[in-house]
Amino acid sequence: RHCAFTLPKVACLSLVDSLDVVVVKATIALLLLWLLLATPPAIAMTMRPLVGKILGTRAGGPIVRLIGTTDVHGQGTLHALHDVDPIVLCDIAKIPEANLPKFGAHPHYGVIACSVVTEGSITDSDNLGASDGVPTGAGDIYAAATGRGCRHDEHSLEAARLLQVVVRIPPEKLHLPPSICKAKAASMPKTQQGATVLCGELDGLASPGTPDSWPNCVFLRVYPGDAQNVDLPESYPHGFAVVLAGTGTICGEPVSADDPPAVYLFGKGQTIQLEGDTLDLFIAAGEPIKDTPWVKKLGGNGFGVFRNEQEATDIMQLALDAGDDWSYEVLDRFQAQQSKG
């Protein structure tokens, strides 16, 4: 009788346990379904929107200005887009033959001037003793970190197409000496999403074409068919894209290689959504250099970025007076004499 009584009780308990397991599994399934359904809006909130399209302005010869306008004294090319901090200038040029543009050696201060070659090749020289005679070809990068002063020159070796993108050096890195960084296309890392890192760092991958004075900023190239999405740090609140070739969409908006070229501006978020197997893109984004007012001053076919108008006037005049000898060492000697006087 004892066995006859206990066996049904055990069976009953097993049935209850089974029902509990079923309820738990069903609850877990419902929770997972809820999370799955709730995920798309969360992802959508991180998609960066396109916030504007700015057509380029002809800046003389084959050069089209995409970012940057006149200097503190109204000299230069008037353009609708002042900057995309820390980027102060972006030009695109389709150069028809060798030995162009004929700027010659020119002075810079406080900036890093980067040439992104997309067709043909260019050569470079400087007064730092850094020129290696190796051309910068299609897909390569040339970056001149000018620090507190140097001169350099670039010109085409053949018909070429390139972007010149200039960023300002953060104040805490301005003391670093000028340097030249060059990197070949084959040496540049590619993210898991397929974007090639030209300058700066993304996903722990740093380009060898990144100078020590580089700000929190990244330049990317997305070759046709390489990427559908590009994730950027949310600390980079804005950036831009230039369509080098092809058609498609960026952040859901149709884009194409325009004539004149255009810059597509994107806003806050994380992901740049791309569609179009023929799209060839240059993308740049960065963290603004906060609480640091600046002005641009042109001179001698070059320019510098300075703290204020007086500094801009004084240092650029010093650079022009020094001519080919202009460097941070000239500035150091001048400032030492000023402090003694």
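This is a predicted model: local features need pLDDT of at least 70, side-chain atom pairs count only at pLDDT 80 or more; totals for chains, interfaces and linings use all residues.
# Sheets and pockets: a chat over the model

Colleague: Now the open sheet of seven strands: is its pairing parallel or antiparallel, and which are its edge strands?

Modeller: The order is β2-β3-β4-β11-β6-β9-β12, and the pairing is antiparallel. Two of these strands pair on one side only. They are β2 (57-58) and β12 (179-183).

Colleague: What is the bridge partner of cysteine 114 in β11?

Modeller: Strand β6 covers residues 111-119 and runs antiparallel to β11, with eight bridges joining them. The partner of cysteine 114 in β11 is valine 165.

Colleague: On to the pockets. Which element gives the most to the lining of the largest pocket?

Modeller: This pocket has a volume of about 650 Å³, and 33 residues line it. Elements giving two or more residues include β3 (63-67), β5 (106-109), β10 (150-156) and β11 (160-168); β23 (295-299) and β24 (302-306) are also among them. The greatest share, five residues, comes from β4.

Colleague: Which residues lie nearest the centre of that largest pocket?

Modeller: By class, its lining has 16 nonpolar, 13 polar and four charged residues. Nearest the centre are Ile63, Arg65, Asp91, Phe103 and Gln164.

Colleague: How does the lining of the second largest pocket divide by class?

Modeller: The second largest pocket has a volume of about 220 Å³. Of its 13 lining residues, Ile169, Pro171, Leu174, Phe306 and Arg307 are the closest to the centre. The lining divides into eight nonpolar, two polar and three charged residues.

Colleague: Which residues line the largest cavity?

Modeller: The count is one cavity of 30 Å³ or more, and the largest cavity holds about 30 Å³ of space. By class, its lining has five nonpolar, two polar and one charged residue. The lining residues are Val222, Tyr223, Gly225, Asp226, Ala227, Leu274, Gly276 and Leu279.

Colleague: Stepping back to the whole protein chain, what percentage of its residues are buried?

Modeller: The chain has three helices and 24 strands. Buried here means under 20% relative accessible area. Among the 341 residues of the chain, the buried share is 45%.

Colleague: And of the contacts with a separation of 6 or more, what share joins residues 24 or more positions apart?

Modeller: A contact here means heavy atoms within 4.5 Å. For contacts with a separation of 6 or more, the share from residues 24 or more positions apart is 73%.

Colleague: One last thing: how much of the accessible surface belongs to carbon and sulfur atoms?

Modeller: The accessible surface of the protein chain comes to about 16700 Å². The part belonging to carbon and sulfur atoms is 57%.

Definitions and conventions:
Residues are numbered from 1 along each chain as its sequence is written. Side-chain values use heavy atoms; hydrogens and water are left out. On a 1 Å grid over the protein atoms alone, a cavity is a set of points where a 1.4 Å probe fits but cannot get out, and a pocket is an open set with protein on both sides within 12 Å along at least five of seven lines; lining residues have an atom within 4 Å of a point. Grid points are joined across faces, edges and corners, and a volume is the space filled by probe spheres set on the points. Helices (H or I, at least four residues) and strands (E, at least two) are DSSP runs, numbered from the N terminus. Ala, Val, Leu, Ile, Met, Phe, Trp, Tyr, Cys and Pro count as nonpolar, Asp, Glu, Lys and Arg as charged, and the others, Gly among them, as polar. Buried means under 20% relative accessible area, exposed over 50%, partly exposed in between (1.4 Å probe, protein chains only). Accessible areas come from the Shrake-Rupley method with a 1.4 Å probe; for residues, only the protein chains shown count as cover. Two strands pair if DSSP finds at least two bridges between them.
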